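Please find below a note on the structure, written as numbered points for a reader who is new to such models. Each point may be checked against the sequence and the coordinates.

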Amino acid sequence: MRVESLECKHYRNLRDVSLSCPEELHLFVGPNAQGKTNLLESLYCLALGKSHRSRSHKDLIQFGQNHANIKASVKRGQQGVRLEVKLSEKGKKVIRNGIEQRKLSQYIGTLPAVLFAPEDLAIVKGSPQIRRRFLDMEIGQVSPTYVHNLTQLNKLLTQRNSLLKQLAQKRNAQFSLLEVLDEQFIHISVQLWKKRFQFLASLQEWAKEIHRAITRQQEELLVEYRSSLPISALQDEQEWGNLLKQELEQKRDKELMRGSTLVGPHRDDLYLSVNGLNLHLYGSQGQQRTAALSLKLAEIELIRQETGYYPILLLDDVLSELDDSRKTHLLEAIRGKVQTFVTTTGLEGIDPETIARARIYQVRQGSITELGG
């Protein structure tokens, strides 16, 4: 998988960008707040159809403009693909080979991408919501069906929560409608759990071996799925559905009181431990960083396993957050396999061999200038 060219117009603070970038490694160097992260965000947006930093696509449009465009030519094996994202005040369009994709699920996965930024440490020490988002974004890149089901789940949750509030206020006593929504909710939840358990089994296998290598066999990383229900991968789908139905019935009064759905995939979490100790509570900063790095490197291998292609890798100022040992392992793990785009405030701490094989750019006030490599 290679991005061969990238064009950005009216995207955040970036001046009109036109890059030829078939090389394996690209370094974008400059002070903070100049536009380096915006460039990586544009690639992420091109890959997944949305930003990792903003919920509203309008935030991505340059101040004073009413639209923004991102285009790229991508090479998948021997096949060339043209991708484009058009952003305007009216909405967003994702386009592949000149044809608009009506559903995002039909578009995601064309350009698999893994982003690693300092805030990804929150996968380990942050909230369950962050870990669920990590799962959802990565599974979505290898499973269009998962994206569709997740969209349906969110719609059902909005409808169900609204109905719960109405029922609690006796404005619309349609308990029969709640039963219909529950049936749909149970069905979609089971499909999401099935894919999450499958994905996590593979992720755990890769992450465990990578973590061992980084820690020189001293630590063992365990990644487990923790549901709001007593379910496990050993049970079948019918058991999951029955348990969820029972739990919804038992929590009916609480849900009516709160106007919120209290059980389901949207309430689940990941549990990470090293040598049996809870990383979230007891892990040192170094251990948390190593676990986050292991998960990101595992993502890369898992996407290749599922799609047949390595994803592109976006490293947003992450090298400065890693010590020399972890930095070396990261760069060696991806060398010769993954096209990588790196932002950094300086080249200090990056070994000369890595710099020699990179294409280097300076980023200043949204302007990108090639320095050579």
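1. The structure is a predicted model.

2. The six-stranded sheet. In this open sheet, 6 strands follow the order β2-β1-β4-β5-β6-β7, and their pairing is antiparallel. β2 (17-20) and β7 (99-100) stand at the edges with a single partner strand each, so one side of each has no neighbour in the sheet.

3. Pairings within that sheet. β1 and β2 are joined in the antiparallel sense by 4 bridges, and Ser5 stands opposite Ser20 in β2. Strand β5 (residues 79-88) and strand β6 (residues 92-96) also run antiparallel, with 5 bridges between them. Here Glu84 has Ile95 of β6 as its bridge partner.

4. The two faces of β2. Which residues of β2 make up its covered face, and which its uncovered one? Val17 and Leu19 belong to the covered face, whereas Ser18 and Ser20 belong to the uncovered face. Ser20 is also the residue of β2 that stands opposite Ser5.

5. Helix α1 (residues 36-48) lies across β1 (2-9), β2, β4 (67-76) and β5. The helix runs at about 110 degrees to β1.

6. Leu60 is located in the loop between α1 and β4. Is Leu60 buried or exposed? Leu60 counts as buried because its relative accessibility is 2%, and buried means under 20%. Leaving aside residues up to four places away in sequence, Leu60 touches His10, Tyr11, Arg12, Glu41, Cys45, Ser51, Ser54, Ala68 and Leu87. Between Leu60 and Tyr309 there are 249 residues of sequence separation and a C-alpha to C-alpha distance of 29 Å.

7. The three-stranded sheet. Here 3 strands form an open sheet in the order β9-β10-β11, with antiparallel pairing. β9 (221-226) and β11 (277-278) are the edge strands, and each pairs on one side only. β9 and β10 are joined by 6 bridges, and Leu221 stands opposite Val274 in β10. Strand β10 (residues 269-274) is joined to β11 by 2 bridges, with Ser273 partnered by Asn278 of β11.

8. Cover on β9. The covered face of β9 consists of Leu221, Val223 and Tyr225, while Leu222, Glu224 and Arg226 form the uncovered face. Helix α6 (residues 175-214) lies across β9 and β10 and runs at about 170 degrees to β9.

9. Side chains of opposite charge can pair when their charged atoms come close. The side chains of Asp182 and Arg160 meet in a salt bridge, at 2.6 Å from N to O. This pair links distant parts of the chain: Asp182 lies in helix α6 and Arg160 in helix α5 (residues 144-168), 22 residues apart. Asp182 is buried, with a relative accessible area of 7%, and Arg160 counts as buried at 1%. Arg160 and Asp182 also belong to a network of salt bridges with Arg252 and Glu255.

10. Two further salt bridges. Lys194 pairs with Glu237, with 3.4 Å between the closest N and O atoms. Lys194 lies in helix α6 and Glu237 in helix α7 (residues 237-250), so this pair ties together parts that are 43 residues apart in sequence. At 33% relative accessibility, Lys194 counts as partly exposed, and Glu237 is likewise partly exposed at 33%. Arg326 forms a salt bridge with Asp323, the closest N and O atoms being 2.3 Å apart. In this pair Arg326 counts as buried at 17%, whereas Asp323 is partly exposed at 36%.

11. A nonpolar surface patch. Leu277, Leu281 and Tyr282 form a nonpolar patch on the surface, and together they have about 370 Å² of accessible area. Tyr282 is found in helix α9 (residues 279-282). Tyr282 is exposed because its relative accessible area is 58%, and the cut-off for exposed is over 50%.

12. Gln285 belongs to helix α10 (residues 285-307) and counts as partly exposed at 46% relative accessibility. Gln285 and Leu121 are 164 residues apart in sequence, yet their C-alpha atoms are 9.0 Å apart in space.

Methods. Residues are numbered from 1 along each chain as its sequence is written. This is a predicted model: local features need pLDDT of at least 70, side-chain atom pairs count only at pLDDT 80 or more; totals for chains, interfaces and linings use all residues. Side-chain values use heavy atoms; hydrogens and water are left out. Patches are made of residues with over 30% relative accessible area and no salt bridge: like charges are joined within 9 Å, nonpolar side chains (Val, Leu, Ile, Met, Phe, Trp, Tyr) within 5 Å. Accessible areas come from the Shrake-Rupley method with a 1.4 Å probe; for residues, only the protein chains shown count as cover. A salt bridge is a side-chain nitrogen of Lys or Arg within 4 Å of a carboxyl oxygen of Asp or Glu. Buried means under 20% relative accessible area, exposed over 50%, partly exposed in between (1.4 Å probe, protein chains only). Two strands pair if DSSP finds at least two bridges between them. Contact means heavy atoms within 4.5 Å. Axes are lines fitted to C-alpha atoms, for helices over the stretch in contact, and angles run from 0 to 180 degrees between N-to-C directions.
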